[in-house]
Amino acid sequence: MSAVRSKICGITRIEDALAAAEAGAHAIGLVFYAKSPRAVTAEQARAIVAALPPFVTTVGLFVNASRCELTEILEVVPLDLLQFHGDETPADCEGYHRPYIKAVRVRPGEDLEAICKQYANARGILLDTYVAGVPGGTGEAFDWGLVPERLSKPIILAGGLSAANVAEAIAQVKPYAVDVSGGVEVAKGIKDADKIDAFMRAVRSAG
Ligand SMILES: O=C(O)c1ccccc1N[C@@H]1O[C@H](COP(=O)(O)O)[C@@H](O)[C@H]1O
């Protein structure tokens, strides 16, 4: 099995983006959802992306953004990958001619393979925790036993991960990648370099 990839999401400060890159993260996530405490403006995001070294993927997270809003952000911020975390249809996700991943909030009985087939052009499916009325970033883990052993798309596992549980999560789910936000923070939107480092070391030890 190749090394499990990792994304540190909800970056709002340049120093946190650099800490993620320094610790070996493959990607950083920027939240363009105004209701999130981790939301960044296009200008903030542009400055963060500009400070990164090469070969760190920049991911833009959107929740039911309008076409106009998303297009304006893409004009300002060089995003490598789009993460759709709301009720976007495959047609919505494909309208920007950029690689994308689709987030699914996992509930018992969810047919994850059907979702993989529905979002046929997604580069991967991100699995997050279902909490009613909250689109994501809850800091809570879901029952990893709900993830089938085989799915036809790369799985990015998210939801309540931290240095304390990510090795167990990887052993159980065997995801392509893991995604963390709250588990490496000292306050919402404020990451901690030591927590990022501990998370990345735990991912490597598991992979
Ligand atoms: O981080 C947010 O505020 C957020 C808001 C709306 C949708 C998704 C959001 N975050 C993403 O949720 C997962 C899990 O986060 P956590 O590790 O449980 O805090 C991750 O992809 C976040 O980026």
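Which residue stands opposite Ala177 in β8? The residue to look for is Ile156. Keep in mind that this is a predicted model.

Now go to strand β1, residues 5-8. Four bridges connect β1 to β8, and the two run parallel. Here Ile8 stands opposite Val180 in β8.

β1 also pairs with strand β2 (residues 27-31), again in the parallel sense, over two bridges. In this pairing, Lys7 stands opposite Ala27. Together with helix α1 (residues 14-23), β1 and β2 make a right-handed β-α-β unit.

## A strand covered on both faces

Next, look at strand β4, residues 81-84. In a regular strand the side chains alternate between the two faces of the sheet. In β4, Leu81 and Gln83 lie on one side, Leu82 and Phe84 on the other, and all of them are buried. Both faces of β4 are therefore covered, where buried means under 20% relative accessible area.

Strand β3 (residues 57-62) runs parallel to β4 and is joined to it by four bridges, with Gly60 standing opposite Leu82. Between β3 and β4 the chain passes through helix α3 (residues 67-76), and this β-α-β crossover is right-handed. With strand β5 (residues 100-106), β4 pairs in the parallel sense over three bridges; there, Gln83 has Ile101 as its bridge partner.

## The ligand and its surroundings

Finally, find the ligand. There are 20 residues around it, and the ones that come nearest are Cys9, Ser36, Arg38, Gly137 and Gly160.

An N or O atom in the Arg38 side chain is 2.7 Å from an oxygen atom of the ligand. The backbone takes part as well: a polar backbone atom of Gly137 is 2.8 Å from a ligand oxygen, and a backbone N or O atom of Gly182 lies 2.9 Å from an oxygen atom of the ligand. Taken alone, the ligand exposes 510 Å², and the protein buries 98% of that.

Note on methods. Residues numbered from 1 in each chain as written. Predicted model: local features only at pLDDT ≥ 70, side-chain atom pairs only at ≥ 80, totals over all residues. Heavy atoms only, no water. Buried < 20%, exposed > 50% of the residue type's maximum accessible area, 1.4 Å probe, protein only. Pairing = 2+ DSSP bridges. Right-handed = clockwise from strand over helix to strand, strands pointing away. Near = heavy atom within 4 Å. Polar contact = N/O pair within 3.5 Å; in protein donor to acceptor, adjacent residues only side chain to side chain. Areas by Shrake-Rupley, 256 points an atom, 1.4 Å probe, with all protein chains shown as cover.
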